[in-house]
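Good morning, and thank you for coming. Please look at the structure on the screen while I guide you through a few of its features.

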Amino acid sequence: MMATIPYGTIVIVTAGRTAGSCFMVVGTTAEGYRLLADGRKYPLHRPKRKNERHLRRLQLQPQLPEECRNGNRSVRDEEIRAAITQCRSASKEGGSDEQGRCH
């Protein structure tokens, strides 16, 4: 059984039309899918649903504000965009192309 990817983790999609894109895990459905947001095309109010086996965790993870980690408030779209940008720039996998995809 695969370990579940926790809330606030930055992942890269490995399959589908958004393959190669970075997202933040912002929830889970009853069916076991992860809800992903990027703060732009998929904001918090309209997250993308993705099967966990089609996701790969980045080694480097962002520092979310303390109140978000405690569950006292949800992360905002601006914070998601900043965290993804931070992880992209620091990632050993390289930068991103003009479409915002992680490589």
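Contact, in what follows, means heavy atoms within 4.5 Å. Please also keep in mind that this is a predicted model.

Is Arg34 buried or exposed? Its relative accessible area is 5%, and buried means under 20%, so Arg34 is buried. Setting aside neighbours within four places in sequence, Arg34 is in contact with several residues, including Thr4, Ile5, Val25, Lys48, Glu52 and Leu55. Thr28 is also among these contacts, and the side chains of Arg34 and Thr28 are joined by a polar contact of 3.1 Å.

Let us turn to the sheet. Five strands form an open sheet in the order S4-S3-S2-S1-S5, and their pairing is antiparallel. Strands S4 (48–50) and S5 (55–57) stand at the edges with a single partner strand each, so one side of each has no neighbour in the sheet. From one strand to the next, the twist averages 50°. Strand S1, residues 10–13, is joined to S5 by three bridges, and Val13 stands opposite Leu55 in S5.

Finally, I come to helix H2, residues 77–90, which lies across S1, S2 and S3 and runs at about 135° to S2. Which residues of H2 are buried? They are Asp77, Glu79, Ile80, Ala83, Ile84, Cys87 and Arg88. Viewed down the axis of H2, these buried residues fall within an arc of 170°, and therefore they line one face of the helix.

How values were computed:
Residues numbered from 1 in each chain as written. Predicted model: local features only at pLDDT ≥ 70, side-chain atom pairs only at ≥ 80, totals over all residues. Heavy atoms only, no water. Pairing = 2+ DSSP bridges. Helix = DSSP H or I, 4+ residues; strand = E, 2+ residues; numbered from the N terminus. Axes fitted to C-alpha atoms, helices over the stretch in contact; angles between N-to-C directions. Buried < 20%, exposed > 50% of the residue type's maximum accessible area, 1.4 Å probe, protein only. Arc of directions from axis to C-beta. Polar contact = N/O pair within 3.5 Å; in protein donor to acceptor, adjacent residues only side chain to side chain.
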